[in-house]
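Please walk me through this model in the viewer. Tell me what to select at each stop and what is there.

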Amino acid sequence: MFTVGKINIEKGIFLAPMDDISDVSFRLVCKELGADVVYTEFANAEGLIRQSEKTHKKLDIIDEERPVGIQIYGSTISSMVGAAKIAEEQQPDLIDINAGCWIKNICNNGAGAGLLKDPAYLQKLVKNVVDAVELPVTVKTRIGWDAFTLHILEVAKRLEDVGVKALTVHCRTRSQGHSGDPDWSWIPRIKEVVKIPVVLNGGIMTAEDVQRAFKETNADAVMIARGAIGNPWIFEEAKDILNNGKKLHPLSHGKKIRTCLRHLELAIKVKGEERAVIEHRKFYTGYLKGMYNAHVVRNSLMTVYDYHSVEEILLHFLQTLEKVNYAAAV
Ligand SMILES: Cc1cc2nc3c(=O)[nH]c(=O)nc-3n(C[C@H](O)[C@H](O)[C@H](O)COP(=O)(O)O)c2cc1C
């Protein structure tokens, strides 16, 4: 059970914080398709306290996406305390501290997974943040820095001791980055040493993986990152499997294309048409995956800058797909 502040969810399926992906438009699409809790892209603490407009934008949340967590990252206690207070002004449902990012610049500065190198300092930093805000504070981390420093059990206990309300564990080390097999066997071991909810992250790419993750680890919730990109139906499908033993919502080309357009419409509301259309290009590979001649359509989509052109290309493509399917069926 994931009980944090006002959130109370059994077998929750969460959308992970993902820089340049998990903006409000993607979070809403995932929410509409069943994500129980969504997280913002991480916001840099220094940027927030320096009042960078671009960084502050990352804190924008809307009521329809609740429950939502705002994630912040940084290495100094003063910047993280300041950033948490700024994040709190947006009134998210929780504030999440990133102690798992593997990017070199960030780790070398002592932020993200860099915090794992010194569990006592991580604990102190987190305690200061917990004490500075009213909202529940959670932490997202990894099982260790590398295979020789798998300190997650110590880290989990230290964080629980200073009042962290839940822990999300990407079951890889920092050295593994995003590749290699995640080791989910850490989740039950962590649950033995702490009472706070433990969220499993890493390697959930299909709805069936969600079921397997709960079965194998008894995690309090699971968090999906890459498995949701261009594939936000993973939440709905996983819920079908958990609740009914099978997928109930058929996934058609039409549904995929309409979701892709809905995602773009929402993005336009947030960032304006041209920017949204350009940034949406990174999602076409996922949304059109497996469709006949998708690469040709993707190439056309790279050349347009307004919603109507995208819609025209995609709806025309859908008609063609339906004709191909019809021809194959007769
Ligand atoms: C494009 C991208 C951006 C990410 N940005 C963040 C981030 O802002 N904060 C964070 O905690 N993790 C971030 N991550 C890591 C994911 O949240 C997640 O921990 C990792 O991808 C493993 O989960 P997965 O196997 O389901 O992809 C990012 C991952 C990707 C692929």
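## Stop 1: H7 against H8

H7 and H8 are oblique to each other. This is a predicted model. Select helix H7, residues 152–161, and helix H8, residues 186–193: their axes lie 9 Å apart, at an angle of about 40 degrees. The crossing of H7 and H8 is right-handed.

Now show the side chains at the contact. From H7, pick Ile 152, Leu 153, Ala 156 and Lys 157. From H8, pick Trp 186, Arg 189, Ile 190 and Val 193. Colour this H7–H8 contact by class: 6 residues are nonpolar, none are polar and 2 are charged.

## Stop 2: The buried face of H7

Stay on H7. Which of its residues are buried? Select Ile 152, Val 155, Ala 156 and Leu 159. Look down the axis of H7: these buried residues fall within an arc of 100 degrees, so they line one face of the helix.

Next, bring up what covers them. The cover includes helix H6 (119–132), strand S8 (137–144), strand S9 (167–173) and H8. Then step past the end of H7 to Gly 163, which follows the helix and has a positive phi, near 100 degrees.

## Stop 3: The buried face of H8

Move over to H8. Its buried residues are Trp 186, Ile 187 and Ile 190. Turn the view to look down the axis of H8. The buried residues sit within an arc of 100 degrees here, so they line one face of H8.

What covers the buried residues of H8? Select S8, H7, S9, strand S10 (198–201) and H9, which are among the covering elements.

## Stop 4: H9 against H10

Select helix H9, residues 207–217, and helix H10, residues 234–244. Their axes come within 8 Å and cross at roughly 50 degrees. H9 and H10 are therefore oblique to each other. Their crossing is right-handed.

Show the contact residues. Ala 207, Glu 208, Val 210 and Gln 211 of H9 meet Ile 234, Glu 237, Ala 238, Ile 241 and Leu 242 of H10. This H9–H10 contact has 6 nonpolar, 1 polar and 2 charged residues.

## Stop 5: H1 against H11

Jump to helix H1 (residues 24–32) and helix H11 (residues 253–271). The two axes come within 8 Å and cross at roughly 140 degrees. H1 and H11 are therefore oblique to each other. H1 passes H11 in a right-handed crossing.

On H1, select Val 24, Ser 25, Phe 26, Leu 28 and Val 29. On H11, select Thr 259, Arg 262, His 263, Leu 266, Ala 267 and Val 270. By class, the contact of H1 with H11 has 7 nonpolar, 3 polar and 1 charged residues.

## Stop 6: Ala 111 in its loop

Finish in the loop between helix H5 (104–108) and H6, where Ala 111 is found. Is Ala 111 buried or exposed? Ala 111 is buried, because 27 other C-beta atoms lie within 10 Å and the cut-off for buried is 20 or more.

Select its contacts beyond four places in sequence: Tyr 73, Gly 74, Ser 75 and Ile 106. Last, draw a distance between the C-alpha atoms of Ala 111 and Leu 122. The separation is 9.5 Å, for residues 11 apart along the chain.

Note on methods
Residues are numbered from 1 along each chain as its sequence is written. This is a predicted model: local features need pLDDT of at least 70, side-chain atom pairs count only at pLDDT 80 or more; totals for chains, interfaces and linings use all residues. Axes are lines fitted to C-alpha atoms, for helices over the stretch in contact, and angles run from 0 to 180 degrees between N-to-C directions. Helices (H or I, at least four residues) and strands (E, at least two) are DSSP runs, numbered from the N terminus. Angles under 35 degrees count as roughly parallel, over 145 as roughly antiparallel, 65 to 115 as roughly perpendicular and the rest as oblique. A crossing is left-handed if the near helix is turned anticlockwise from the far one by less than a right angle, and right-handed if clockwise. Two residues are in contact if their C-beta atoms, placed from the backbone, lie within 7 Å. Ala, Val, Leu, Ile, Met, Phe, Trp, Tyr, Cys and Pro count as nonpolar, Asp, Glu, Lys and Arg as charged, and the others, Gly among them, as polar. A residue is buried if 20 or more other C-beta atoms lie within 10 Å of its own, exposed if 12 or fewer, and partly exposed in between; C-beta atoms are placed from the backbone. The arc is that of the directions from the helix axis to the C-beta atoms.
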